[in-house]
Structure formats: C-alpha cells, structure tokens
Amino acid sequence: MERLSSFAQTSIGASHLSHELICQDSSLCGDFEKYSFAAAADGHGSLCYLRTDRGSRFAVECAAECVKEFLEGLEDADEILKDERQREQLFNQLWRSIIARWHDSTEKDYLENPFTEEELDRIPENFAGYRARYEAGEYIGAYGTTLVFAAVTENYAFGAQIGDGKCVIIDGDSNVYAPIPEDPRCYDNVTTSMCQDDAALSARFFYLPKGLMPAAVFLCTDGVENSYWNEEQLFGFFRGLALTLVENGMEEGVRQLSEFLPAMTRKGSGDDVSCSGIINMRRLCACSDGIREDLAAAVPVVDESINDEDIVYVDESQPQVVTDAAADNAEAAEEPTDESANEQ
C-alpha cells in the first residue's frame with residue numbers, strides 16, 4: 001500500500017474566546033495498515049445546545065470506530081463497491097451504524113451526567129422551550145453536531161457528511177473539487193445535524209475507485225469555509241496548505257497549519273475552526289507544479305489589511321438545527337400580529 005499520512009487540527013474561535021465559550025469543534029485522524037481516516041465535526045454554537053462539544057467529540061470517535069469495523073468486515077471490497085447499488089446499501093448501513101453508536105454515546109453520557117441547573121440556566125430566556133424539552137428528558141438535541149469524514153485505502157476512497165462544512169479533493173492532475181454535494185437545507189446559521197430524527201437518512205457520500213485516487217483529501221468545518229468569500233478562495237487555502245505540506249513535510253506543515261488557524265478565525269468567521277485530511281505525498285508532490293500555477297493565478301485568500309477590531313462575527317445565538325429552526329418559524333407564524341389582534 002502506498003504510504004498515506006493523516007492529520008487533524010482544531011482551534012477555538014475568536015468569537016468564542018471573546019464570549020468565554022468553549023471550543024465546540026472536534027477533529028480526529030489515524031493511519032492504519034490498510035487505510036487512513038480523518039474526520040471533523042462542528043457542534044452547534046447556540047447556547048441552546050448544552051453539550052454540543054461532547055456531541056462533536058462523540059461523532060468523530062464513533063465514525064472512526066464504525067469505519068474500522070466496516071473495512072474489517074468487508075471482503076472483496078474492490079468488486080463489491082464497484083457496483084453502485086451494493087455500494088449505496090453498504091454506505092447507508094455504515095452511516096446508520098455511526099448514528100446508532102453516536103446515540104448510544106450520548107445516552108450513556110446523559111444517564112451518567114444528568115443536566116445540572118447551571119447548564120440549564122445558560123439557555124436564553126427567549127428559548128425557554130429548549131429548557132422544557134431537556135427537563136422532560138429529551139436530551140439528544142443538547143449534543144447536536146455536524147460530521148464529515150473520509151477514509152482512503154490503496155484501491156478506493158470514500159466519505160460521508162451531515163450538515164455544513166466541506167470535503168475538498170486534489171486529484172493527481174492538480175484539479176481541486178468538492179466531491180460531496182451541498183445540502184440545500186443548510187443555509188446561513190441553520191444546518192442539518194446528527195441529533196435530528198431523520199439523521200440516518202440525511203448523509204451525503206462520495207466514492208472514488210482506484211483510477212481516480214486522490215492526492216489529498218481535506219475536510220473542514222464551516223468555521224474554515226466561512227472565513228473565505230467563496231468556494232474558489234477556499235480552494236486557494238487548500239492549495240496553499242497542500243504546497244506547505246509538500247515543501248515542508250507533514251510534521252512541519254501541520255505545525256504551520258496549527259499556527260495559522262487562530263489567525264484564520266480572527267480574520268475570518270470568528271467560529272471554531274477544524275481542518276483534517278489524508279495525504280498521499282507521492283501523488284501530491286507529482287502534481288505540485290500544477291497546484292502552484294493555479295494558486296499563483298488565483299485571488300489572494302488573506303487580506304492582511306483587515307483590522308481585527310473592525311470585524312463583526314456571525315451571531316451564533318440563534319438555533320442552528322434545521323428542524324428546530326423550522327419549528328421556531330412555524331411558531332412565529334402562528335403568533336398573532338398587532339393588526340390581527342386588533343381585528344379580533
């Protein structure tokens with residue numbers, strides 16, 4: 001098997017530091033005999049989601065465990081995964097196992113550590129419905145999180161995602177693209193989540209056979225994605241990261257990334273930021289000239305003239321789970337306006 005190297009880095013958001021909030025992102029990676037794995041998860045920033053930091057940690061851990069079991073139990077994987085129908089069934093089974101294990105982890109955590117009054121008091125008064133829900137034992141929403149992960153073997157690569165964030169691939173010809181389709185239900189500060197009732201049906205997947213093996217797979221939470229104006233600028237960041245890894249080696253390149261992420265969140269989204277990935281250094285070195293040319297032709301991705309004090313970060317106080325947002329909108333629509341109240 002060609003040598004693969006994975007990495008994972010997370011940095012607390014600038015806005016979280018200013019509001020004395022904990023980091024709610026998690027990332028994880030691992031290199032094994034027959035594959036490499038990487039994941040990133042973004043807990044929901046709203047104070048309504050009390051244990052979202054634990055939820056994101058459980059998400060990356062459960063994904064790693066289930067992918068390991070999936071690959072160990074998959075015989076003749078190359079042939080089976082070539083068949084689109086069988087592949088879809090297997091990936092759906094894998095995803096359901098991740099969701100089920102995540103639910104087991106959150107239930108165990110809740111039963112061992114019931115919500116405290118201190119936790120419940122953090123919920124803003126105008127979102128009292130969340131407190132009532134948690135006091136009634138409906139705990140799962142408190143752990144809400146997104147998840148994106150990838151695994152690369154010698155003969156194929158695959159991954160899955162729920163919620164916002166991004167998976168970005170650099171192929172052997174230096175092309176950069178996002179293999180996982182966008183979810184139209186994710187917009188502004190609203191996202192799909194592992195805590196939803198339909199989470200087992202809400203994953204999006206990618207699969208690459210041996211002829212399309214990547215030079216690099218990058219994963220990031222929306223704190224990274226929202227630090228750039230558009231997708232092309234985000235791709236520029238990953239091109240630059242790829243060249244940093246090629247020119248400095250994995251260890252030094254990842255160290256430089258860890259130093260850059262705090263600056264990214266200050267100048268960009270203000271949100272927690274996570275970036276993980278899987279690198280085939282031989283392939284990446286082979287296409288580095290093309291990456292360098294594309295990066296030179298791109299718009300600069302960092303504006304050093306921006307003053308940190310002038311930046312206004314996105315308001316994270318609103319609910320982020322799409323089902324919660326829909327319910328709140330429905331309730332708001334049912335409330336009588338001043339005019340309708342006068343008519344009555």
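Author: Aspartate 188 is exposed, with a relative accessible area of 73%. Exposed means over 50% relative accessible area, buried means under 20%, and partly exposed is in between, with a 1.4 Å probe and protein chains only. The model is predicted, so local features need pLDDT of at least 70 and side-chain atom pairs count only at pLDDT 80 or more, while totals for chains, interfaces and linings use all residues. Residues are numbered from 1 along each chain as its sequence is written, and side-chain values use heavy atoms, with hydrogens and water left out.

Aspartate 188 lies in the loop between β7 (176-177) and β8 (204-208). Strands here are DSSP runs of E with at least two residues, helices are runs of H or I with at least four, and both are numbered from the N terminus. The phi of aspartate 188 is near 45°, which is positive although the residue is not glycine. Most residues other than glycine have a negative phi.

Aspartate 76 belongs to the loop between α2 and α3 (77-82), and at 61% relative accessibility it counts as exposed.

Two packed helices are described by the angle between their axes and the distance between the axes. The axes are lines fitted to C-alpha atoms, for helices over the stretch in contact, and the angles run from 0 to 180 degrees between N-to-C directions. The crossing of α2 past α4 is right-handed. A crossing is right-handed if the near helix is turned clockwise from the far one by less than a right angle, and left-handed if anticlockwise.

Two residues of α2 can be followed to other parts of the chain. Alanine 59 is found in helix α2 and is buried, with a relative accessible area of 0%. Alanine 59 and leucine 28 are 31 residues apart in sequence, yet 9.8 Å apart in space, C-alpha to C-alpha. Leucine 71 also has its place in helix α2, and at a relative accessible area of 15% it is buried. From leucine 71 to alanine 151 there are 80 residues in sequence and 9.6 Å in space, C-alpha to C-alpha.

Next come α8 and helix α11 (residues 288-297), whose axes come within 10 Å and cross at roughly 140°. That makes α8 oblique to α11. The crossing of α8 past α11 is left-handed.

Now the rings. The structure holds 21 aromatic pairs. Rings of Phe, Tyr and Trp (its six-membered ring) pair if their centres lie within 6.5 Å; planes under 30 degrees apart count as stacked, over 60 as edge-to-face and the rest as tilted. Tyrosine 156 and phenylalanine 158 form a stacked pair, 6.3 Å centre to centre with 25° between the planes. Tyrosine 156 is buried at 7%, and phenylalanine 158 is buried at 1%. The rings of phenylalanine 218 and phenylalanine 238 have centres 5.0 Å apart and planes at 15°, so this pair is stacked. It links distant parts of the chain, with phenylalanine 218 in strand β9 (residues 216-220) and phenylalanine 238 in helix α8 (residues 231-248), 20 residues apart. Phenylalanine 218 is buried, at 0% relative accessible area, and phenylalanine 238 is buried, at 0%. Ring pairs join Phe7, Phe218, Tyr228, Phe237, Phe238 and Phe260 into a cluster.

Last, the cysteines. A search of the whole structure finds 0 disulfides, where a disulfide is a pair of cysteine sulfur atoms within 2.5 Å. For cysteine 285, the closest cysteine sulfur belongs to cysteine 287, and at 8.6 Å it is too far for a bond. Cysteine 285 counts as partly exposed, at 36% relative accessibility. Cysteine 48, at 0%, counts as buried.

Definitions and conventions: Angles under 35 degrees count as roughly parallel, over 145 as roughly antiparallel, 65 to 115 as roughly perpendicular and the rest as oblique.
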